[in-house]
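Me: I am new to this one. Could you take me through it step by step?

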Amino acid sequence: MLHLNRRTAIGALLGAAPAALGVSAYAQPPASAAPTDSHLVPAEEDEIVITLDAWTDTYGRPTASTMINGKGPFSFMVDTGSTTTVITERLATLLGTISTGTATVAGTTGTAITPIATLDKVQTGAVTKQGLRVAILPDAGLARGDGILGADVFVGKRLVFAIRDKIVRVEPSQRATRIAPRGNLRLRNGMLAEVEGRIGNIPARLMLDTGADHCIANPTLGEALRAAHPRLERIPKVRIVGVTGHKVLGEYVVLPRVDLKAFMVKDAGAVIADASIFKLWELESEPAMIVGVNLLSRLAEFSIDYGARIFDAELADASDLIARNQAALG
């Protein structure tokens, strides 16, 4: 596990400055179709825990072996920042999938009109979904896999990301367990995992996104950081490219202490950008940040329980990072 201090973090990014920072898709269904808590189905008592394949993505993003309509397996990224499952054009062609219309897919940096289709059966680990509506994106936006498994596949379940062991587990939710701790997680739009935390001295809303390479902060948080922590090191004109192909320029900043209550880290980095996704999430006027794998990779393991509303984490190196006891959550 590599731990960067402020100077080496800036140096590493400068060395890679000509390249864009890739980020995940935030495929959103129409607002009228947004799920509510009533869509969260509790896990059955006899459900078993299934371990998905190890992830092999270049950026350490988790991927799962997935069967579609009895064919496969295919490699799908497990993306907690996407509400809707996405497949590539090449996979749609291979499956003989017929488009049933179009929908607006909202990425981090912009929106695009894409075909939609319905898959008869999607299987990954312990999860089987029948009649799942998916968006079809150009191959260029998803060059490293066959698609994205969104939160619509895992709603009501508990996802455990064992980064150290490179596995993802799909488990029953703990919300029916009497000893389960009080929830510390909010589901924005019914499916997007959000926790309240602090960036330095600034309270912020933090979106947990296993599909994003890097953390992305909204301008409101950027302004608050400039006022409260004026000496932070910065790099201007860092480009963000979303899967919809839209580009946004931002400013990279080495963050002060980041506290997500379940864990705390020092010297993480983020790109401050006026990304359109913050408007879609109605997070323009308060400090907010997408928490990507550059920060989540500091953990040995973390879990998102969509049913119990619980986020828990275990730091990879307790000597460098400050862990919080489970009892302190919430």
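Me: Which residues does Thr97 touch, not counting residues up to four places away in sequence?
Reply: Thr97 touches Ala92, Ala117 and Leu119, where a contact means heavy atoms within 4.5 Å. Please note that this is a predicted model, in which local features need pLDDT of at least 70, side-chain atom pairs count only at pLDDT 80 or more, and totals for chains, interfaces and linings use all residues. Residues are numbered from 1 along each chain as its sequence is written, and side-chain values use heavy atoms, with hydrogens and water left out.

Me: Where does Thr97 lie?
Reply: Thr97 is in the loop between helix H2 (89–95) and strand E7 (101–107). Helices (H or I, at least four residues) and strands (E, at least two) are DSSP runs, numbered from the N terminus.

Me: Is Thr97 buried or exposed?
Reply: Thr97 counts as buried, because its relative accessibility is 18%. Buried means under 20% relative accessible area, exposed over 50%, and partly exposed in between (1.4 Å probe, protein chains only).

Me: And what percentage of the 330 residues in the protein do buried residues make up?
Reply: Buried residues make up 54% of them.

Me: Changing topic: how many helices and strands does the protein have?
Reply: The secondary structure comes to six helices and 25 strands.

Me: How do strands E4 and E5 run?
Reply: Strand E4 (residues 63–68) and strand E5 (residues 71–78) run antiparallel and are joined by five bridges. Two strands pair if DSSP finds at least two bridges between them. Ser65 has Ser75 in E5 as its bridge partner. The hairpin of E4 and E5 has two residues between the strands, and Asn69 takes a positive phi near 50 degrees there.

Me: What about E5 and E10, parallel or antiparallel?
Reply: E5 and strand E10 (residues 147–149) run parallel, with three bridges joining them. Val78 stands opposite Leu149 in E10.

Me: Where is confidence lowest, and where is it highest?
Reply: Confidence is lowest in helix H1 (residues 6–15), at a mean of 34, and highest in helix H4 (residues 219–228), at 96. The score is pLDDT, the predictor's confidence in each residue, from 0 to 100. Over residues 1–59 the pLDDT is below 50, and this stretch has 151 contacts in the model beyond near neighbours in sequence. Residues 319–330 also have pLDDT below 50, with 27 such contacts.

Me: What is the mean pLDDT of the protein?
Reply: The mean is 75, and 71% of the residues reach 70 or more.
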